[in-house]
Structures are given as structure tokens and as C-alpha cells.
Amino acid sequence: MPEYDTAAEEESPVKILIAGGFGVGKTTLVEAVSEIEPLRTEERLTAAGVGVDDLDGIESKTVTTVAMDFGRITLPDAGVVLYLFGTPGQERFWFMWDDLLRGALGAIVLVDTRRLDRSFAAVDFFENRGLPFIIGANCFHGEQPYTAEQIGAALHLRDPDTPILMLDARSHDDIRGALLALLDVLIAKARASAAV
Ligand SMILES: Nc1nc2c(ncn2[C@@H]2O[C@H](COP(=O)(O)OP(=O)(O)O)[C@@H](O)[C@H]2O)c(=O)[nH]1
Ligand SMILES: [Mg+2]
């Protein structure tokens with residue numbers, strides 16, 4: 001008789017959204033952490049974006065996500081396999097957001113503190129629809145001039161306990177840590193609602 005490892009159960013699939021404004025690092029994050037070749041639907045920035053996409057400060061950006069990024073990461077200790085859906089950053093793709101939301105359990109909202117306003121809409125969207133999220137403050141040049149408290153205050157977060165993590169969107173370990181922090185939030189919320 002072969003021995004079966006009864007502890008090794010199938011991981012539960014969990015859909016997570018990676019949101020935030022244009023150029024905050026969503027595609028970078030999904031690429032950094034995905035164990036499958038991330039599905040990218042990037043296009044060269046075209047005339048449609050001229051005068052619409054504000055490239056101020058991200059002049060090197062020549063491709064942009066027109067539909068979404070998709071990746072997968074298994075977290076065996078947590079017993080889950082996360083399916084990451086990067087949301088399109090530009091406002092002309094907002095019609096897709098409600099579809100992306102379907103089945104999602106939580107989100108990471110990435111912010112670039114040099115352009116915090118770009119992520120306000122994502123924060124509003126999730127707060128209005130009650131989707132739990134955490135904030136990932138992308139430290140573009142390895143430094144972050146603001147504290148988590150300052151970032152939370154500037155974002156006017158409705159829930160003062162929303163975790164705000166400093167991270168580098170290119171770092172596998174940082175992203176893994178952020179996803180685990182998000183899972184903690186989801187578990188705490190599930191426990192709280194089960195206790196009611
Ligand atoms: N130095 C640095 N550059 C980053 C970081 N995250 C993203 N970038 C760069 O910033 C630009 C925008 O990132 P991208 O992932 O395309 O943003 P998206 O529009 O949110 O998908 C790209 O040129 C990335 O290489 C980071 O943590 N540090
Ligand atoms: Mg992108």
C-alpha cells in the first residue's frame with residue numbers, strides 16, 4: 001500500500017485583485033511573484049493615451065496594461081493558491097472593474113507616494129463595495145519619505161486598522177509578505193462575521 005500524506009490537502013483557490021493607479025507597479029508585482037508565466041496584456045502606449053495617461057515622472061514607461069495581468073502563487077502553509085488579477089490602471093478601462101470584482105476575496109491597493117491621488121479611486125471602489133484590502137506603499141527608489149500613519153491619513157482610509165506595508169513591487173519576499181498580511185485580514189474578518 002502506498003503511503004498517502006493525509007495532511008497534504010488540495011489548496012483552496014482564492015482570487016485576489018492587485019489595484020492602484022497608473023504606473024504604481026501592478027504588472028511588476030504580478031510578474032515578481034507568479035509561479036506561472038504571467039499572462040500579460042500589455043500594449044505599447046498609443047495615441048489613445050496621449051494627453052490622457054499622465055506619464056509625468058514615469059517617462060520610461062512605454063507599455064501599459066490594457067486589460068489585465070494574471071498570475072498565480074501557491075502558499076502551502078496557508079493552504080491556498082492565490083490567483084492574482086492586476087486591474088487596468090487607466091480610467092478608460094473602469095468598465096471592467098465590476099467584472100474583476102466577481103469572486104474576489106480581497107485586494108492589494110498599490111500606492112506610489114509621489115502620486116498618491118492615482119490610487120484614491122481604487123480605495124474608494126473597494127471601500128464602497130466592502131472588499132477587504134491592504135495598502136502596499138511601493139518604495140520606488142528603496143526609500144519612503146512617509147510613515148505608514150501619514151500614508152493612511154493622506155488616503156483617508158475608512159478603516160484605521162487597514163494594514164499599510166512598505167514594499168518593493170519587484171521583491172518576491174515583500175509581495176509574499178503582503179499577500180500573507182492580506183490573508184490575515186481575510187481570516188480575521190471571516191472569524192468576526194462567523195462570531196456574530
Ligand atoms: N525602482 C522601482 N521601479 C519600479 C518598482 N515597481 C515598478 N517599477 C517600475 O515602474 C514602472 C511602472 O510599473 P508597472 O508595473 O508597469 O505599473 P502598473 O501600471 O501599475 O502595471 C515600470 O517601469 C517598473 O519597472 C519598484 O518597486 N521600484
Ligand atoms: Mg500594468
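Predicted model: local features only at pLDDT ≥ 70, side-chain atom pairs only at ≥ 80, totals over all residues.
**View 1. The residues around ligand 1.** Ligand 1 has 13 residues around it, and Lys26, Thr27, Thr28, Asn138 and Phe140 are the ones that come nearest. Sorted by class, this shell is made up of three nonpolar, six polar and four charged residues. If you're looking for the top contributor, it's helix H1, residues 26-33, which puts three residues into the shell.

**View 2. Polar side-chain atoms facing ligand 1.** Start with Thr28: one of its polar side-chain atoms sits 2.5 Å from an oxygen atom of ligand 1. Asp168 also has a polar side-chain atom by a ligand oxygen, here at 2.9 Å. As for cover, ligand 1 on its own has 580 Å² of accessible area, and the protein covers 80% of that.

**View 3. Helix H1 against helix H5.** Here H1 meets H5, the helix of residues 172-195; their axes come within 9 Å and cross at roughly 100°. Angles of 65 to 115 degrees count as roughly perpendicular, so that's how H1 runs relative to H5.

**View 4. Side by side at the H1 and H5 contact.** On the H1 side, the contact is made by Leu29, Ala32 and Val33, while H5 brings in His172, Ile175 and Arg176. By class, that gives four nonpolar residues, one polar and one charged.

Note on methods:
Residues numbered from 1 in each chain as written. Chains lettered and ligands numbered in written order. Heavy atoms only, no water. Near = heavy atom within 4 Å. Polar contact = N/O pair within 3.5 Å; in protein donor to acceptor, adjacent residues only side chain to side chain. Areas by Shrake-Rupley, 256 points an atom, 1.4 Å probe, with all protein chains shown as cover. Helix = DSSP H or I, 4+ residues; strand = E, 2+ residues; numbered from the N terminus. Nonpolar A, V, L, I, M, F, W, Y, C, P; charged D, E, K, R; others polar. Axes fitted to C-alpha atoms, helices over the stretch in contact; angles between N-to-C directions. Parallel < 35°, antiparallel > 145°, perpendicular 65-115°, else oblique. Contact = heavy atoms within 4.5 Å.
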